[in-house]
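The sequence and structure are shown first.

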Amino acid sequence: MKISYKWLKDYVNTDLKPSETETILSSIGLEVEAMEEVEQLPGSLEGVVVGKVVECSKHPDADKLSLTKVDAGGEELLQIVCGAPNVAAGQKVLVATVGTTLTFSNGEQVKIKRAKIRGIESSGMICAEDELGIGTSHEGIMVLPAETKVGTTAKDFLKLESDTLFEIGLTPNRVDAASHIGVARDLAAYLRLNGKNTRLAVPPVDGFSALKRSSANTKPIEIKVLATEDAPRYSGITFDNITIAPSPEWLQKRLLSIGLRPINNVVDITNYILQETGHPLHAFDYDKIDGGVIVVRKAVQGESFVTLEGTERKLSSDDLMICNEKNPMCMAGIFGGLTSGVSPDTKRIFLESAYFNPVTIRKSSKRHGLKTDASFRYERGADPEIIPYALKRAAQLLQEIAGANIAGEIKEVYANPIKRAEVSISFERVESLIGKKIGRETILNILKFLEYQVLSSDEKGAEISVPGYRVDVTRECDIVEDVLRIYGYNNIELPERVTASINPTPKPDPEKVKELAADFLADNGFTEMMNNSLTKSEYYSKLKTYPESKLVKILNPLSSDLNSMRQTLLLNGLEVIVHNINRQHNDLKLFEMGNVYSFVEETGDDGKTPAQNLKSYKEASKFSMFVTGPGNQSWRSKANPASYFTLKGYLELLLRRFGIEPDELEYSYAPADLFSEGLVYKTASGKEVAVMGNVNASLLKQFGIKQQVFAAEISWNVLFSLVKKQKVLYRELPKFPEVRRDLALLLDEKVSFSELRKSSFKTEKKILKSVTLFDVYRGEKIPEGKKQYAISFVLQDPEKTLTDKYVEEVMDRLLKNFTYNFGASLR
């Protein structure tokens with residue numbers, strides 16, 4: 001929210017400097033995120049001064065140039081070559097001295113330098129309007145009144161203004177501060193509490209009844225509200241005799257100071273009122289309201305409506321519309337229509353001021369992807385009490401600026417007046433929450449300064465009526481927050497003694513383990529990514545592993561692309577990959593830690609059949625890894641493209657980093673809807689530790705990815721349960737050498753290496769240290785249905801050197817075990 005310092009001072013009489021105002025605003029909960037000085041002209045024409053042309057003669061080498069001597073208030077006269085036809089001795093002019101940067105009216109910037117023009121040195125420039133950026137005329141230099149004092153700066157002579165702009169970061173509940181009066185109210189309350197003699201000066205509208213009424217036969221627009229729940233209060237007033245024209249300079253400057261482009265006097269007045277009071281107004285062309293009646297109703301499902309920017313939209317039956325007798329004219333509280341707004345030919349208008357249901361406006365705004373200044377305020381809750389004030393204030397400005405006459409009186413439909421919230425407070429509880437005894441009087445004064453009404457009070461507490469502008473205040477703690485803001489967070493002293501309960505850190509620390517995993521991957525060249533937990537439900541429409549029926553869907557989504565909670569990290573990773581590939585980053589190694597969400601059906605009493613209409617949410621932590629790309633090639637090495645085994649290696653290294661031996665896990669095939677080939681790592685009890693593989697081509701095509709992607713997803717909770725079982729023990733380095741023996745075994749195809757490995761450690765528990773598969777062979781001289789495994793065994797005794805005889809005995813036992821249990825034969 002942009003707030004002008006000069007505009008703010010219209011409502012608070014204070015001599016605070018902008019920097020002091022910024023400090024106060026931030027201290028009372030209106031955090032100033034940025035503060036900048038805004039100048040009417042870039043640089044405020046620094047370096048441009050009033051000068052007097054003392055001498056003027058023709059340039060000796062150019063017919064159209066003049067050679068002048070100018071007194072600019074310095075010790076010496078300036079010699080300036082000038083090309084203007086109207087330059088003459090005795091004139092007072094504006095002179096840009098050497099070093100000045102000018103911004104011309106066309107946006108071009110020129111720095112004035114000492115230069116030679118046709119052989120004669122020129123030390124400055126006598127300026128025309130367009131060269132100063134204050135006009136478009138280039139017919140000649142600006143000639144100033146004779147009494148103008150030499151040496152006066154252009155900023156002072158032209159009375160150029162500067163302003164300070166505060167960028168306030170509003171929290172969603174503080175829509176009341178989305179206006180200059182709203183900010184001024186808080187500032188004035190703070191100043192009054194701190195003994196400053198100031199008040200909130202809201203422009204009076206007492207003169208509304210004295211405004212000129214229409215003498216023409218203009219019938220006031222009637223109002224029919226059919227959707228009373230969505231438009232509890234709807235008001236409006238009719239004007240005629242309007243002249244559409246540019247706004248006066250003061251109004252244009254006000255709007256430009258906060259970055260709004262002036263359009264015409266009527267539209268500018270509605271924008272001015274919005275920024276002043278925070279309440280949106282909308283002006284309709286009277287002659288385009290068929291039947292002379294405003295109808296506030298819900299749209300017909302599928303009804304077409306063309307909005308102001310020319311887009312045709314299909315309406316929902318939940319959209320609230322402002323209509324004439326035949327057609328919609330405006331999306332209530334959001335956006336006007338193409339044909340019903342104010343145009344250069346408009347002579348009569350109907351001005352709307354209303355209170356709309358915030359939920360209705362928010363849903364329609366999101367449904368159509370329309371975010372406007374009006375919807376920003378209405379969807380957070382407008383002030384229902386300010387509606388007549390905003391109309392009267394606008395009426396005064398319309399008559400002053402556009403010559404408008406009022407036709408009839410204010411029309412209003414307000415069947416069920418919105419009651420103010422009433423909250424009981426206990427002074428003891430207020431002080432307890434604040435953390436300091438500030439006194440009953442201080443509490444009540446702050447509330448009065450903020451326009452709360454004290455209905456009754458005693459020594460223990462008070463009954464408070466909440467003003468209409470504070471739509472978020474409904475509880476005692478809300479009032480405490482307002483009191484504390486104005487009293488000042490910085491005025492609450494820290495206690496000398498702070499008590500706290502200390503909870504022991506679990507071992508191993510889950511967060512520490514996550515950090516170790518992230519550090520491990522980062523050290524191996526991976527880049528961490530962070531994605532939104534919200535995703536597109538369409539991604540899951542064809543998946544069996546993660547069916548769309550198990551999606552946790554958002555009731556009021558920001559958009560169709562963010563309408564569900566993700567079930568897996570894999571799809572987010574593919575989004576990041578295609579984003580990078582489209583920007584010529586093809587070689588990627590990525591990882592992410594995050595949560596996934598799904599619906600889980602509860603079972604009945606038998607523990608098997610689903611319980612009727614009973615579902616619960618499930619949240620789980622996951623860890624994803626991705627490798628893709630052709631690899632980087634250099635003069636000393638060939639490209640090493642990403643592959644299935646590249647990812648498998650990193651995944652198993654990560655598992656080993658935490659003491660988990662991949663060969664001790666169970667394996668199954670990865671789901672085909674996600675991976676064309678891959679593995680699922682499982683515990684002995686069947687819990688999934690990780691899944692990895694080559695991402696399915698159809699899934700890659702869905703994301704527009706044309707290169708292979710290899711992905712893995714770790715179930716973090718399962719992995720952590722395995723990590724907790726690992727015990728780190730200290731052992732002395734072995735003093736005796738290890739022995740390696742290899743076996744070439746002929747086996748049935750169905751026999752897996754993991755089975756052989758487990759059986760090996762059962763057979764020899766004492767000196768067998770590792771079992772490694774280093775070759776698999778199928779082909780010539782190998783019978784059909786058979787395969788050859790080449791397996792390496794490492795043996796080591798920590799207490800003595802192994803003899804050949806003992807090693808051969810161990811190897812014989814292992815071979816007999818393989819022969820008996822797996823039908824193996826030695827080759």
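## Strand pairing around β3

Strand β4 (residues 66-71) pairs with β3 in the antiparallel sense over 6 bridges, where two strands are said to pair if DSSP finds at least two bridges between them. Helices (H or I, at least four residues) and strands (E, at least two) are DSSP runs, numbered from the N terminus. Within this pairing, E55 has K69 in β4 as its bridge partner. Strand β3 (residues 48-58) is also joined to strand β6 (residues 92-96) by 5 bridges, and these two strands run antiparallel; here V50 stands opposite L94 in β6.

## Basis of the model

This is a predicted model, in which local features need pLDDT of at least 70 and side-chain atom pairs count only at pLDDT 80 or more, while totals for chains, interfaces and linings use all residues. Residues are numbered from 1 along each chain as its sequence is written, and side-chain values use heavy atoms, with hydrogens and water left out.

The axes of α2 and helix α5 (residues 180-193) come within 10 Å and cross at roughly 95°, which makes α2 roughly perpendicular to α5. Axes are lines fitted to C-alpha atoms, for helices over the stretch in contact, and angles run from 0 to 180 degrees between N-to-C directions; angles under 35 degrees count as roughly parallel, over 145 as roughly antiparallel, 65 to 115 as roughly perpendicular and the rest as oblique. The contact (heavy atoms within 4.5 Å) is made by T21, I24, L25 and S27 of α2 together with V183, L187, Y190 and L191 of α5. By class, this contact of α2 with α5 has 6 nonpolar, 2 polar and no charged residues, where Ala, Val, Leu, Ile, Met, Phe, Trp, Tyr, Cys and Pro count as nonpolar, Asp, Glu, Lys and Arg as charged, and the others, Gly among them, as polar.

T21 itself is found in helix α2 (residues 18-27) and is buried, with a relative accessible area of 1%; buried means under 20% relative accessible area, exposed over 50%, and partly exposed in between (1.4 Å probe, protein chains only). Not counting residues up to four places away in sequence, T21 touches Y5, L8, L16, F166 and L187.

## Helices α6 and α7

Helix α6 (residues 249-257) and helix α7 (residues 265-277) have axes that come within 10 Å and cross at roughly 50°, and the two helices are therefore oblique to each other. The contact is made by W250, L251, R254 and L255 of α6 and by D268, I269, N271 and Y272 of α7, residues that divide into 5 nonpolar, 1 polar and 2 charged.

R254, placed in helix α6, counts as buried at 17% relative accessibility. Leaving aside its neighbours within four places in sequence, R254 is in contact with K6, W7, D10 and Y272.

An open sheet of 3 strands has the order β24-β26-β25, with antiparallel pairing. β24 (422-426) and β25 stand at the edges, each with a single partner strand, so one side of each is left without a neighbour in the sheet. Direction ignored, neighbouring strands of this sheet are turned by 25° against each other on average. β25 and β26 pair over 4 bridges in the antiparallel sense, and V454 has I464 in β26 as its bridge partner.

Helix α11 (residues 427-434) packs on the sheet, touching β24 and β26, and its direction makes about 75° with that of β24. Helix α13 (residues 476-487) lies across β24 and β26 and runs at about 70° to β24. The axes of helix α12 (residues 440-449) and α13 come within 10 Å and cross at roughly 95°, and α12 and α13 are therefore roughly perpendicular to each other. Their contact is made by T442, I443, I446 and L447 of α12 and I479, D482, V483, I486 and Y487 of α13.

## Residue D458

D458 lies in the loop between β25 (453-457) and β26 (461-465) and, at 44% relative accessibility, counts as partly exposed. Apart from its neighbours within four places in sequence, D458 is in contact with F427 and R440.
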